[in-house]
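Trainee: I am new to this structure. Please show me how to read it.

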Amino acid sequence: MSMLLVLTTVPDRDSASKIARELVESRLAACCSIIGGLRSVYWWEGKIEESDELLLMIKTSEELYSQVEARLRSLHPYTTPEIAAFKAEAVYSGYLSWLLENVRSRD
């Protein structure tokens, strides 16, 4: 199994905390890091928008991606949430072992 880093942006700390706690409690993620201070500039409904956001970095296994995506889509306050996943090229073996011990498949 390999580590996957899933990124999503959210509008506020309450949304970030709710999503992070749900993913960790359900063991779909071993850890979620909440990073503040983002300013996003993007196209939405035909015009350029700007908003303050937080970044949620979700650490999970590649095998759980579809479940993480489904849970994010159900919890996320945005109509079209950013959900982007990146496979880790290299991970310290001790961290990878910890991560895999703290996530589980819910199939």
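**Pocket, helix and cysteines**

Mentor: The largest pocket holds about 280 Å³ of space. This is a predicted model: local features need pLDDT of at least 70, side-chain atom pairs count only at pLDDT 80 or more, and totals for chains, interfaces and linings use all residues. Residues are numbered from 1 along each chain as its sequence is written, and side-chain values use heavy atoms, with hydrogens and water left out.

Trainee: Which elements give two or more residues to the lining of the largest pocket?

Mentor: Rolling a probe the size of a water molecule over the atoms shows where empty space is left. Here strand E2 (31-44) and strand E3 (47-61) each give two or more residues to the lining. E2 supplies the largest share, four residues. Among the lining residues are Trp-43, Trp-44 and Glu-53.

Trainee: Which residues of helix H2 are buried?

Mentor: An α-helix has 3.6 residues a turn, so residues three or four places apart point the same way. In H2 (residues 65-75), Gln-67, Val-68, Arg-71 and Leu-72 are buried. Buried means under 20% relative accessible area, exposed over 50%, partly exposed in between (1.4 Å probe, protein chains only). Down the axis of H2, the buried residues fall within an arc of 135 degrees, so they line one face. The face turned away carries exposed Ser-66, Arg-73 and Ser-74.

Trainee: How many disulfides are found?

Mentor: A disulfide is a pair of cysteine sulfur atoms within 2.5 Å. The whole structure has zero. The sulfur of Cys-31 is 6.5 Å from its closest cysteine sulfur, in Cys-32, too far for a bond. Cys-31 is partly exposed, at 23% relative accessible area, while Cys-32 is buried, at 16%.

Note on methods. On a 1 Å grid over the protein atoms alone, a cavity is a set of points where a 1.4 Å probe fits but cannot get out, and a pocket is an open set with protein on both sides within 12 Å along at least five of seven lines; lining residues have an atom within 4 Å of a point. Grid points are joined across faces, edges and corners, and a volume is the space filled by probe spheres set on the points. The arc is that of the directions from the helix axis to the C-beta atoms.
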